[in-house]
Amino acid sequence: METERILLRHWKETDAETLFKYASDPDVGPRAGWQAHKSVGDSMNVIRTCFNNDTTWAIVLKKTGEAIGCMSYYTRATSNIPIGENDCEVGYWLGKPFWNRGICTEALMLMLDYCIHVKHFENIWADHFTGNPASGKVLEKCGFTDTGKLNRCSHLAGGNKDMVKVFKYNKQKMNMEFQKIYSAAGMMELIRKIGFLPLLNSGITGFSAEDMVDEDCKYVTFPEGGWDWPLWKWKGEIVTEMPCMYGKFFNKKAGFISREWWPDFCNYRRSKHPRPTDDSIEGAILYTLQSSGSLTTRELRAACGFGSNRYMKKEQRKACFDNALQEKQPTVKGLRGKFDSYLTQLEMATYIVTEDFIYPRDRHNREYGWGWSLLNTPEELYGKDACQCERTPEESCQRIFEHLKGILPDASDKQIRKMIE
């Protein structure tokens, strides 16, 4: 089990010194109900006894290979609180240097995924001392709800002095802010998991890549001029390495759709937006792209007669649109400024997607600026089967709706329908 930053694995005796480094801190153990370790020998004994089972994992930081915390689940026989026969309780702790970085939240989400999809527990519980509210915040981010119950756990260190608050995991609720994204790899992982992800504001609070990235990855301008936006730079890596579909799919705004969900999305959208007719502007644009292969937005605009493009060979540009004119015979006079709206309509209808992003280069051969989308058709990129679906358009729509409703329980039906339409 792993994310871009951490992995969960079972403890090893070679972890003893690292365990002692973090478990000897008096601010760590007592918060979780155990005494701080006094020696490496204590830590080795814990690894050989308490951690020597199939329900306890070390939280390992990939960058260093260190075990920096612990994640466990407990069945009815070993739980701190009364739970059902088919239930479990989760527990965790993390070394103090790694607090407030979202690592504990990532690890807990991995454990929840395991408990739900591998162990198939009916209910998942958790608890924390009332004097440790930070643990409660982690639970809430991961979809747990405070039951309002307090329990006395006298067998825990400090259990006679402090009560524990009992939380229950709500399987129907997925808080989209459960973890912050720090890299393109993390974004890809999220897209695979949820299937649909608008790039910017989607009209649903918290449901966009912009909302989910860490503060350090958001758009920033510099006093001396220039700007930086890691999220913007990740787009090319995501669409080429996953791969996934990217385009203006959500209310004419850009976003990602995983390959798994694309056939259903394409099936429904195309039923609402049939292929453009031969004598339409959209038809000529689509034909030009199909005839030429990959073209940047500005190349396609020029090839269709909506503007000049010094980066595209004159012969190629003329041949492309001459073919479109001869076979489709659109009327484009006076419509130069509307090219982008025509292109958006084709993206909304799933006939055109972004293959990659092309950026101009300075005299030092460094990329700069906002760049241009390299456009193509999904059939050309991934084959006709990528757009085929055995379900009816109505069945595809309902499947997408139920999926989005499951991950966005607080969104209204109207908001979700607007995204799908």
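This is a predicted model: local features need pLDDT of at least 70, side-chain atom pairs count only at pLDDT 80 or more; totals for chains, interfaces and linings use all residues.
Trainee: Is helix H10 roughly parallel or roughly perpendicular to helix H13?

Mentor: The axes of H10 (residues 281-292) and H13 (residues 339-348) come within 10 Å and cross at roughly 75°. Angles of 65 to 115 degrees count as roughly perpendicular. Therefore H10 stands to H13 as roughly perpendicular.

Trainee: How many nonpolar residues does the contact of H10 with H13 have?

Mentor: H10 contributes Ile 281, Glu 282, Ile 285 and Leu 286, while H13 contributes Phe 339, Tyr 342, Gln 345 and Leu 346. By class, one residue of this contact is polar and one is charged, and the nonpolar residues number six.

Trainee: Which strands stand at the edges of the open sheet?

Mentor: The sheet has three strands in the order S8-S12-S11, with antiparallel pairing. Each edge strand has a single partner strand, so one side of it is left without a neighbour in the sheet; these strands are S8 (196-198) and S11 (244-250).

Trainee: What is the bridge partner of Lys 248 in S12?

Mentor: Strand S12 covers residues 253-258 and pairs with S11 in the antiparallel sense over six bridges. Within S12, the partner of Lys 248 is Ala 254.

How values were computed
Residues are numbered from 1 along each chain as its sequence is written. Side-chain values use heavy atoms; hydrogens and water are left out. Axes are lines fitted to C-alpha atoms, for helices over the stretch in contact, and angles run from 0 to 180 degrees between N-to-C directions. Helices (H or I, at least four residues) and strands (E, at least two) are DSSP runs, numbered from the N terminus. Angles under 35 degrees count as roughly parallel, over 145 as roughly antiparallel, 65 to 115 as roughly perpendicular and the rest as oblique. Contact means heavy atoms within 4.5 Å. Ala, Val, Leu, Ile, Met, Phe, Trp, Tyr, Cys and Pro count as nonpolar, Asp, Glu, Lys and Arg as charged, and the others, Gly among them, as polar. Two strands pair if DSSP finds at least two bridges between them.
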